[in-house]
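Hi everyone, thanks for coming. Today I'd like to walk you through one structure, so please have a look at it while I talk.

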Amino acid sequence: MADAGYPDDLLYHPEHDWARIDDGVATFGITWFAQDALGEVVFFDPPEVGSSVSANEFYAEVESVKAVSEVIAPLTGEIVEVNAALADAPEAINEDPYGAGWMVRVKLSDPGQAQELMDRDAYVETL
């Protein structure tokens, strides 16, 4: 498992999801806290490329040895890429939640929504 941490360059959703925004495209994943609560991840069920996701609604499922959990979208947009490597190595979500464990990339339909997310310090205070 990765060491506990919450990078400064990410935005955080209260449901323990993160977004890294780069030129109108956001990469989504789950936080260290979320992967730790899940335990060992054994399966990631991604959405289809081209499908739409809406902020605050689930877009994927993560199955761990403990449970199946819905993954919440921090922002709204269209899926433009899915992390295909997670099909063979879902444990990357535990080992590197902010790097190799990213889940999807989304072309944002409303980049202004990012203002509703928390910075690192605000998120850490909620834990």
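How much space lies in the largest pocket? About 180 Å³. Before I go on, please keep in mind that this is a predicted model, and everything I say is computed from that model.

Let's stay with the pocket for a moment. Its lining is made up of 13 residues, and those closest to the centre are E15, H16, A34, S69 and E70. Two elements each give two or more residues to this lining, namely α1, residues 32-38, and β7, residues 68-72. And what kinds of residues divide up the lining? Eight are nonpolar, two are polar and three are charged.

Now to the sheet. Here's a bit of background for those who are new to this: strands of a sheet pair through backbone hydrogen bonds, either parallel or antiparallel. In our model, six strands make an open sheet, in the order β1-β2-β3-β9-β8-β5, and the pairing is antiparallel. Which strands sit at the edges? They are β1, residues 11-13, and β5, residues 52-53, each of which pairs on one side only.

Let me take you through part of the sheet. Strand β2, residues 17-22, runs antiparallel to β3, and six bridges join the two. If you want a spot to look for, A19 stands opposite F28 in β3. These two strands form a hairpin with two residues between them, where D23 takes a positive phi near 55°.

Is β3 mostly covered or mostly open? Mostly covered: β3 spans residues 25-30, and five of its six residues are buried. On to β9, which is joined to β3 by four bridges, again antiparallel. There, T27 stands opposite R105 in β9. Hold on to the name R105, we'll meet this residue again.

F58 has I72 in β7 as its bridge partner. A hairpin of three residues joins β6 to β7, and this is the β7 that helps to line the pocket.

Next, the charged side chains. How many salt bridges does the structure hold? Four. Let's start with R105, as promised. Its side chain meets the side chain of E81 in a salt bridge, at 3.1 Å from N to O. R105 is in strand β9, residues 104-108, and E81 is in strand β8, so this pair links distant parts of the chain, 24 residues apart. Both count as partly exposed, R105 at 26% relative accessibility and E81 with a relative accessible area of 35%.

Another salt bridge joins D8 and R120, where the closest N and O atoms are 3.6 Å apart. D8 counts as exposed, at 64% relative accessibility, whereas R120 is partly exposed, at 27%.

R120 has a further partner: its side chain also meets that of D121 in a salt bridge, at 3.1 Å from N to O. D121 is partly exposed, with a relative accessible area of 48%. Put together, D8, R120 and D121 are linked in a network of salt bridges.

Last stop, the aromatic rings. A pair of aromatic rings is described by the distance of the centres and the angle of the planes. A search of the whole structure finds five such pairs. One of them is Y12 with Y123, a stacked pair with 4.8 Å from centre to centre and 10° between the planes.

Key. Residues numbered from 1 in each chain as written. Predicted model: local features only at pLDDT ≥ 70, side-chain atom pairs only at ≥ 80, totals over all residues. Heavy atoms only, no water. 1 Å grid on protein atoms, 1.4 Å probe; cavity = no way out; pocket = protein on both sides within 12 Å on 5 of 7 lines; lining within 4 Å. Points joined across faces, edges and corners; volume = space filled by probe spheres on them. Nonpolar A, V, L, I, M, F, W, Y, C, P; charged D, E, K, R; others polar. Pairing = 2+ DSSP bridges. Buried < 20%, exposed > 50% of the residue type's maximum accessible area, 1.4 Å probe, protein only. Phe/Tyr/Trp six-rings, centres within 6.5 Å; stacked < 30°, edge-to-face > 60°.
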